[in-house]
Amino acid sequence: MKILAFETATEWCGAAYIINGECSFIVEERIPRKHGELLPLYFEKLKKESGLKLNELDGIALSIGPGSFTGLRIGLSFAKGLAFSQALPIIPVPTFKNMLHQARKLEKKGYILLHSHGDNVYYQQYETEINEIKLQGSPQAGIWSAIWPKISQQEIIHYGCKKLAPSGSKMIELHPTSKSAGLLAEMNFYKWAEKEPYFLIPEYISPFLPGTKS
């Protein structure tokens, strides 16, 4: 299976080419507020250096949220344009699953968080079983001061929340990647693939407020 994957849910932006469970090529950087400018260039670089051909792909994957309002829109719009040109399915990958996919070893239960803007964060509880990490319920948005007392004694995987936590707090920071998006998309292709992704939208979770930073 051949999957082209994008990541734009956070300050990180990337493109990866997955072939039969292996990452054949990846270009990824932390580029705050430059996703619209650089994502097309990353794709062209990947296509040129990896030999990727759109008509040979099985699908296009990307983190679907939660995450940056602008970043998610840019990633999905770009993916839709490519998918429509070749009648390819889009495989939306939950951003929190993307992050957890990279964790080496997890406690039985914990929380995963992603900074939104100001003191606002997205969060969700996870639970590990023998060979699977399950997210409990749906991702939520909330204020750090209200969330922290409830979760501070549990394992925390996060991205961008260190500046909100008390000094010395033990948290594991991981950012979502295009590689993980592609690998998860391949593993869950038949469950997640949207064969007609015309009305697919990002999982914003909370309303975007004009004038705020996300």
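Across which strands does helix H1 lie? Helix H1, residues 35–50, lies across strand E1 (2–7), strand E2 (12–19) and E3. Relative to E2, the helix runs at about 25°. Please bear in mind that this is a predicted model.

Let me turn to the sheet itself. The sheet is open and is formed by five strands, ordered E3-E2-E1-E4-E5, with mixed pairing. Strand E3 (22–30) and strand E5 (90–94) each have a single partner strand and stand at the edges, so one side of each is left without a neighbour in the sheet. On average, neighbouring strands of this sheet are turned by 20° against each other, direction ignored.

As for the pairing of E5, strand E4, residues 59–65, is joined to E5 by five bridges, and these two strands run parallel. Within the sheet, Ala61 stands opposite Ile91 in E5.

I come now to the helices. Helix H2 spans residues 69–86, and the axes of H1 and H2 come within 10 Å, crossing at roughly 40°. The crossing of this helix pair is right-handed.

Which residues of H1 meet H2? On the H1 side they are His35, Gly36, Leu39, Pro40 and Phe43. Their counterparts in H2 are Ile74, Gly75, Phe78 and Leu82.

Thank you for your attention.

Methods:
Residues are numbered from 1 along each chain as its sequence is written. This is a predicted model: local features need pLDDT of at least 70, side-chain atom pairs count only at pLDDT 80 or more; totals for chains, interfaces and linings use all residues. Side-chain values use heavy atoms; hydrogens and water are left out. Two strands pair if DSSP finds at least two bridges between them. Helices (H or I, at least four residues) and strands (E, at least two) are DSSP runs, numbered from the N terminus. Axes are lines fitted to C-alpha atoms, for helices over the stretch in contact, and angles run from 0 to 180 degrees between N-to-C directions. Contact means heavy atoms within 4.5 Å. A crossing is left-handed if the near helix is turned anticlockwise from the far one by less than a right angle, and right-handed if clockwise.
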